[in-house]
Amino acid sequence: MKTLNYLFALALLFTVACSGEKTSTEEVEVVEVEEVVAEQPKDIVTLALENESLTTLVAALKAGGLVETLQGAGPFTVFAPTNQAFAALPEGTVEDLLKPENKDKLVAILTYHVVPGKVISTDLTDGMKASTVNGQDITITTTDGAKVNGASVIAADVDASNGVVHLVDAVLLPPAM
């Protein structure tokens, strides 16, 4: 019987020892791990939404139904007119273009600002022609700074996940307009 009590006591001690409960004499090491996640480039539309000087362009993209297109895989090169570029148009032009009945005209203008592929500033050459999504060509000049159909590139090579954006100081109008 003494042996049985001894075995029972050992089993009880073993059970308590293996229960996983920590005693007050054990120290617990706490290690904090800081996860650093690199910020991914944003798509063209997201970049435009976050840029206060492109609010008119964003409104035009929405009115033209082009938001999803410019959030697509691309790559696209966008010559993005600033708010000041839109403001330089004759009075009432922007408001008129944003009307639903003028959507086709608006889309023709907006797609004239987009070139398929990713064209960064170092790819630009004087006299270069580029076909736009609109189907018509734009002309690049590099004398006295990069220009697109005479509009100055005021900020170049804004990298996006689906292409690149160059801010321009004028709205590009297709030759047929």
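Two strands count as paired if DSSP finds at least two bridges between them. Keep in mind that this is a predicted model.

**Stop 1: a pair of strands.** Select residues 76–81, strand E1, and residues 163–168, strand E7. The two run in the parallel sense, paired over six bridges. Now pick out proline 81. Which residue in E7 is the bridge partner of proline 81? Select valine 168 to see that partner.

Stop 2: Zoom out to the seven strands. Follow them across in the order E2-E1-E7-E6-E5-E4-E3. The sheet is open, and its pairing is mixed.

**Stop 3: the edges.** Select E2 (114–116), then E3 (128–131). Each has a single partner strand, so one side of each has no neighbour in the sheet.

**Stop 4: the cavity.** How many cavities of 30 Å³ or more does the structure hold? There is one. The largest cavity holds about 60 Å³ of space.

Select its lining: Ala60, Phe86, Leu89, Val94, Leu97, Leu98, Leu106, Ile109, Leu110 and Val171. Helix H6 (93–97) and helix H7 (103–111) are the elements that each give two or more residues to this lining. H7 makes the largest share, with three residues.

**Stop 5: colour by residue type.** Keep the lining selected. Are its residues nonpolar, polar or charged? Ten are nonpolar, and the lining has no polar and no charged residues.

Methods. Residues numbered from 1 in each chain as written. Predicted model: local features only at pLDDT ≥ 70, side-chain atom pairs only at ≥ 80, totals over all residues. Heavy atoms only, no water. 1 Å grid on protein atoms, 1.4 Å probe; cavity = no way out; pocket = protein on both sides within 12 Å on 5 of 7 lines; lining within 4 Å. Points joined across faces, edges and corners; volume = space filled by probe spheres on them. Helix = DSSP H or I, 4+ residues; strand = E, 2+ residues; numbered from the N terminus. Nonpolar A, V, L, I, M, F, W, Y, C, P; charged D, E, K, R; others polar.
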